[in-house]
Amino acid sequence: MLPIRESFILAGILFTLGVIGVLARRNLVFILMSIEVMLNAAGLAFVVAGAQWRQPDGQVVFLFILAMAAAELSVGLALVLELYRQYKTLDTDVLSRMRG
Amino acid sequence: MLDLLWLVPAIPFASAFVLAVFGPRMRSKAVAVLGAGAIAVPAVLMLLIAAAFVSAPPAGGAYTQVLWTWIGVGSFRPAIAFYLDALSLVMVVVVTFVSFLIHVYSTEFMRGDEGYSRFFAYMNLFVASMVTLLLADNLLLLYLGWEGVGLCSYLLIGFWYQDPVNGLAGRKAFIVTRVGDTAMAVGLFLLFHSLGTLRIQDLLHTASDQWQIGSPYAVAAAALLLGGAVGKSAQLPLQTWLPDAMAGPTPTSALIHAATMVTAGVYLIARTHGLYELAPQVQLAVAVTGAATLLMAGCSALTQNDIKRVLAYSTISQIGYMFFALGVGAWGAAIFHFMTHAFFKALLFLAAGVVIEALHHEHNIFRMGGLRKELPAAFWTFLIGGCALAGLPLITAGYYSKDLILWSAANSTAGTAGLWVAGIAGVVLTSLYTFRLIFVVFFGQPATPVSHRPGPAMMIPAFVLAFLSITAGFATTPFAAFMAKALPELHEGGMGMSEVINSTVAGLAFLAGLLVAWYAYLSNPALGRAAATSRVGRVLHRFWFSDWGMDWFYDRLFVWPVVWSAKANKADIVDSIYTGLTRLAALCHRYFSLTETGRLRWYAAWIAGGSAFAVAIAMFL
């Protein structure tokens, strides 16, 4: 039996780390990695909740999250490669072209 | 024959449309033929219809032609329908016939004017609207025609729009009549609300079934309709627009502001006579309004020096006589006076137009003079019109119609001695100002050389009208019998004055005015000048010249407060609330757009912060 309180705290810590990674990092690859961490934190929360209520739904959703993360990452990495080929950098502040 | 009735308003309307759209590209000859022809056809048609109507009167003395349902909302189903009875027949025949003559006159009078086709488009539209007003089966259609003639009046007063004064006169006419029209609209709402129909004949029947004599509803409805009539017919207290309306071309003044449109109020009251019989107080008010107006306008006419303004005041005064007749219950006499007035007043305006054009658009009568020899045709037609206006006994039409009105005032249950005396005083005034005008313009020494002589298109209509101004009076008896089919006859009673005494007094009143005018303006002109320059004379002259100070009074009472508040509110206080809102929006836009940095991480931080905030709200609230 998983200790639910501690597990959620762990998920929260992981999620916060992911957010900080997204905000603090400038390299696109690291940002994508941080997003993976956030997704996994959410997945962890689902699995823990599923175990608590003895329902398979939590693990089912985690599988969906994994599939979604894989799809997202494949597209994201493809874009990263293309960006790097064109601009020779992955710094988001340098790459920023949007102007309000 | 009667089923061709719809063509009478339709033809001028179609012609107005064609002239408005294609007129500027048409040759002026084609415009003249179309413009006058589109009135000639209805005029002839109307004469044929009148012949058919008289020879084989329709069942019930009236013919109704329903074209289609105009609006259908529940029980409110006004139709485009025409109603022809003795009253509307006489009115439409006179209107189309006089219109035709004036259109013929205009083809020459307006020749060379930039807005030649525009003029005929307006005039034709006017005739179409006026005929719609007269033939309307229900009050809503009548109101459409009523507003249509008001619009044409506005357009034609401001016809020479390059001069701002003319535009101002047009706006004044429009706004002042609007005051009456609003009262009339409220009256229509009241009638529909309480009687459930606007068909005039149904309405009069229902009203007499449903309401007692003197019931508040009947009084209110009659008074509100009277408001509309007073505005349109330039009666006290809304008469101030008519003298200024003389800014329009002279044929317009003859047609709209003398012969036809301004008598629409008389027609409205005669058409809804049943309501006024239910409200005797209002009927008395009609008589008093008419009597007061005819005296006031008569005094004002004495002092004017613009030939058209004299005629305008005389129109106000003569319509006063018609109201006076309506007020004492002499419905037929009022319509008879409408007819003779349409002939002689149109004639006077046409002759005045000849004089004005002959003297390089000179309007001041004191710069005319001696035109008797120079313009004999204009002199004789003007003299005949003037005699008819003043009521030259036994010969002219104006004498017979006015005589009938005065006799009715003395012999009606609704008439009083005071009203009769006012009517007689009006005859003296009419005769005085008419002959003052004739003596000053056509006698004495020539002051301005004649530069232009009228052609046949201007003189023939005047001759026809001169003929009618004399002969129409001989039709008094058959006319009265014909009118009795549509309008109730006079309730005889009152003073019981004999016809001979009444006619003699009226004839003497005419002679008195003529003699005073002859003495003061022809035989001894120094006396007339002395009277006008004496101390009392000067004050009276100024007072009457400015129409009893009515314009002065209205300026201070209505115009100035409005202008003042408009100036005070120049910055538009209410609008500043809305501009404030846009300023606030622009300010917010400036500050919020600062957050649009284009930095990815900055956006991510906002998303994270916003989500945390939303979660916090969900958790703690």
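## An exposed lysine in chain A

With 8 C-beta neighbours inside 10 Å, Lys88(A) counts as exposed, because the cut-off for exposed is 12 or fewer. This comes from a predicted model. Lys88(A) sits in the loop between α3 (57–87) and α4 of chain A. Its phi is positive, about 60°, although Lys88(A) is not a glycine. Most residues other than glycine have a negative phi.

## Where the chains touch

Chain A meets chain B through nine residues, which are in contact with 10 residues of chain B. On the chain A side, α1 (4–24) and α4 (92–95) each supply at least two residues. The largest share, three residues, comes from α1(A). By class, this side of chain A has four nonpolar, three polar and two charged residues.

## Chain B in outline

Chain B has 621 residues, and 51% of them count as buried. Its secondary structure comes to 27 helices and two strands. Its C-alpha atoms fill a box of roughly 110 × 60 × 55 Å along the principal axes.

Chain B is divided into domain 1 (1–195 + 235–267), domain 2 (279–533) and domain 3 (571–620). The centres of domain 1 and domain 3 of chain B are 61 Å apart, taken over C-alpha atoms. Take the contacts in chain B with a separation of 6 or more: 81% of them join residues 24 or more positions apart.

## The largest nonpolar core

The largest nonpolar core has 212 residues. Phe324(B), Ala334(B), Ala346(B) and Val355(B) have the most contacts inside it. Helix α15 (residues 331–358) of chain B gives this core its largest share, 20 residues. Domain 1 and domain 2 of chain B each contribute at least three residues to the core.

Ala334(B) shows some of these surroundings. Beyond its neighbours within four places in sequence, Ala334(B) is in contact with Val266(B), Ala270(B), Met322(B), Ala325(B) and Leu326(B).

## Two helices side by side

Helix α1 (residues 7–22) and helix α2 (residues 28–55) of chain B have axes that come within 9 Å and cross at roughly 175°. The two helices are therefore roughly antiparallel to each other, because angles over 145 degrees count that way.

Residues of α1(B) in this contact include Leu7(B), Val8(B) and Ile11(B), and those of α2(B) include Val31(B), Leu34(B) and Gly35(B). The contact of α1(B) with α2(B) is made of 14 nonpolar, two polar and no charged residues.

## A buried threonine

Thr263(B) lies in the loop between α10 (250–259) and α11 (264–271) of chain B. Thr263(B) is buried, with 30 other C-beta atoms within 10 Å; the cut-off for buried is 20 or more. Ala207(B) is 56 residues from Thr263(B) in sequence and 25 Å from it in space, C-alpha to C-alpha.

## Backbone details between α8 and α9

Ala234(B) is found in the loop between α8 and α9 of chain B. Phi of Ala234(B) is near 55°, a positive value in a residue other than glycine. Ala234(B) counts as buried, with 29 C-beta neighbours inside 10 Å.

Pro237(B) lies in the loop between α8 (216–232) and α9 (241–244) of chain B. A cis peptide bond joins Leu236(B) and Pro237(B), with omega about 0°. Most peptide bonds are trans.

Methods:
Residues are numbered from 1 along each chain as its sequence is written. Chains are lettered from A and ligands numbered from 1 in the order in which they are written. This is a predicted model: local features need pLDDT of at least 70, side-chain atom pairs count only at pLDDT 80 or more; totals for chains, interfaces and linings use all residues. A nonpolar core is a set of buried Ala, Val, Leu, Ile, Met, Phe, Trp, Tyr and Cys residues joined through C-beta atoms within 7 Å. Helices (H or I, at least four residues) and strands (E, at least two) are DSSP runs, numbered from the N terminus. Domain bounds come from an automatic or database domain assignment. Two residues are in contact if their C-beta atoms, placed from the backbone, lie within 7 Å. Ala, Val, Leu, Ile, Met, Phe, Trp, Tyr, Cys and Pro count as nonpolar, Asp, Glu, Lys and Arg as charged, and the others, Gly among them, as polar. Axes are lines fitted to C-alpha atoms, for helices over the stretch in contact, and angles run from 0 to 180 degrees between N-to-C directions. Angles under 35 degrees count as roughly parallel, over 145 as roughly antiparallel, 65 to 115 as roughly perpendicular and the rest as oblique.
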